Amino acid sequence: MENKRLFNSTSTKIQYITKGLELSKSLFVSSLIIGEANIGKKSLVKSIFPDAKWVDGHNKTKLKQALSEHDELIINNFEMYGDYNINDFNGKRIIAISNASSFPSQVDSLFAFIYTMPSLKERLEDVKYLGDIFAKEVKSIFNTKEISMLNLADIDLIDNTKSLKKAIFEHYIYNTITPEQIEQMLYNYFKKELGGNNDYAKYLTIFENPLIKAGLAKFGSQLKLSSVLGINRNTLRKKVYELGIN
Amino acid sequence: MNLESIDFKLFVEVDNNPFILFDSSGHILYLNNSAEMLLCYVGTKELYDLALTYAPKTFGHKNTIHSLEYEAFSFYSLMVGYETDEQIYLRLYNKPLVQTKMSICNESLISTDINTLLEANITLFQLESSAAISLFVDQELPTFKLDQNHFSKMLRKALSTFIDSPSLNIILKLIVGEYILINDKKHQIIELILKAPKRKIDFDDEINQLANQTHITASLKPETIKFQIPLIV
């Protein structure tokens, strides 16, 4: 399922990389795919070379052995290998994957093809597509039919697909959590954290802060909110001041 | 042997030396495949004027040794002839490329469909370039032995010199009638021409080095790169 996703990417650049790798299936050439973490490099390679042997650049002994034994090899974390004076790539189908953004100049002469895979920030057309897939995953895991949509443009994609998936899961949890689940979460939290000499006052803000912020956002004025909460408006004003709420 | 039954026109058609037949007004009456490609780079009038300049003084045929350069094409000689006032032909003879003595390391050579290898390289090029690509390739080329990794490195470097160009013409064809000698064995030649309005020359030394490693003759000019690849079977 994961493989299918990237193969179906709507990004033109990903489609070019996919086509290039598909063509190299019938060639004995070395290819290097570089790009940020969590942008789908491994999934893409898995989808095109499902039966190839994988080896990690961290393990130099295993990598050298694999190079001597296999004509088709995927090297993950290639930057960790470090020995760029390799001459075993000729006549083999090597796909090296790396999160590194730069390499020593001799790496350029090792590879026939060097693909730079764009990050998710650079292929916003894929954000909606992947967002829909992660939303389906949420529905499946939490056994729910509908989830409210998150504004994808607001998501910080610093960690690419990882950030997107995290944001969608958090959005679902924050919007569907039950009082029992909140209670359980707080129970676990307090059990772990309590241990000072003024903890009641210290941890009361955990309730008061979101309560007053949400109330002000929903009802617009302290007067109205004090009525909804059933407390004196001077008490509410004092709390707003103490909690530093604008 | 009955020579009348032989279609000599076919031999002219596939000849790697351009052949053009003009009428008395300079219009083209016939041109062979090679001349068709030449006309991508030089105008009809220029070639007609060339024919008139080097035409024999009376009816007949005249061969002149004269060096001519048109982008990817280099000629060392031309022949002009006419038997009537109505038609005149121009034939240009390709300059042989300088060859160094080469030997082959068979271990690194793999049976290759060069069109697939070229397509993979063009795909990589398109990732970084928005150049409009015009392809004129012979899809019927046979598979032949090639050091795929070295060849691709060379082609990647060569294509990268056109990265900022608005367009790129790519021609891939089998040269008829010319051979390359490697280890005292004759091999046919496949020619790859990359041509654009501009290109960077930063990697030219590296491209030449990679070409030498793969028994390929490279000709690098300001707007053109031409590779002559031995068809090793």
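A: We begin with strands: two strands pair if DSSP finds at least two bridges between them. Helices (H or I, at least four residues) and strands (E, at least two) are themselves DSSP runs, numbered from the N terminus. In chain B, five strands in the order β7-β9-β10-β12-β11 form an open sheet with mixed pairing. The model is predicted: local features need pLDDT of at least 70, side-chain atom pairs count only at pLDDT 80 or more, and totals for chains, interfaces and linings use all residues. Residues are numbered from 1 along each chain as its sequence is written, while chains are lettered from A and ligands numbered from 1 in the order in which they are written.

Q: Which strands stand at the edges of this sheet?

A: They are β7 (132–137) and β11 (217–220) of chain B; each has a single partner strand, so one side of each is left without a neighbour in the sheet. From one strand to the next, the twist averages 20°.

Q: How many bridges join β9 to β10 in chain B?

A: Strand β9 (residues 167–182) and strand β10 (residues 185–195) of chain B run antiparallel and are joined by 11 bridges. Opposite Ile182(B) stands Lys185(B) of β10(B).

Q: Which strands does α4(B) lie across?

A: Two conventions are needed here. Axes are lines fitted to C-alpha atoms, for helices over the stretch in contact, and angles run from 0 to 180 degrees between N-to-C directions. Two residues are in contact if their C-beta atoms, placed from the backbone, lie within 7 Å. Helix α4(B) lies across β7, β9 and β10 of chain B and runs at about 175° to β7(B). Helix α6 (residues 204–213) of chain B also packs on the sheet, where it touches β11 and β12 (224–231) of chain B; its direction makes about 160° with that of β11(B).

Q: How is the packing of two helices described?

A: Two packed helices are described by the angle between their axes and the distance between the axes. Angles under 35 degrees count as roughly parallel, over 145 as roughly antiparallel, 65 to 115 as roughly perpendicular and the rest as oblique. The axes of α4 (residues 114–128) and α5 (residues 148–160) of chain B come within 10 Å and cross at roughly 40°, and these two helices are therefore oblique to each other. On the α4(B) side, the contact is made by Leu117(B), Asn121(B), Leu124(B) and Phe125(B); the residues from α5(B) include Phe151(B) and Leu155(B).

Q: At what angle do α8 and α10 of chain A cross?

A: The axes of α8 (residues 199–219) and α10 (residues 233–243) of chain A come within 11 Å and cross at roughly 110°, which makes α8(A) roughly perpendicular to α10(A). Thr205(A), Glu208(A), Asn209(A) and Ile212(A) of α8(A) meet Lys239(A), Val240(A) and Leu243(A) of α10(A).

Q: How many residues of chain B are in contact with chain A?

A: There are 16 residues of chain B in contact with 19 residues of chain A. The largest share of the chain B side, eight residues, comes from α4(B).

Q: Which domains does the assignment give for chain B?

A: Domain bounds come from an automatic or database domain assignment. For chain B, that assignment gives domain 1 (3–94) and domain 2 (106–231). Their centres, taken over C-alpha atoms, are separated by 27 Å. The contact takes seven residues from domain 1 and 12 residues from domain 2 of chain B.
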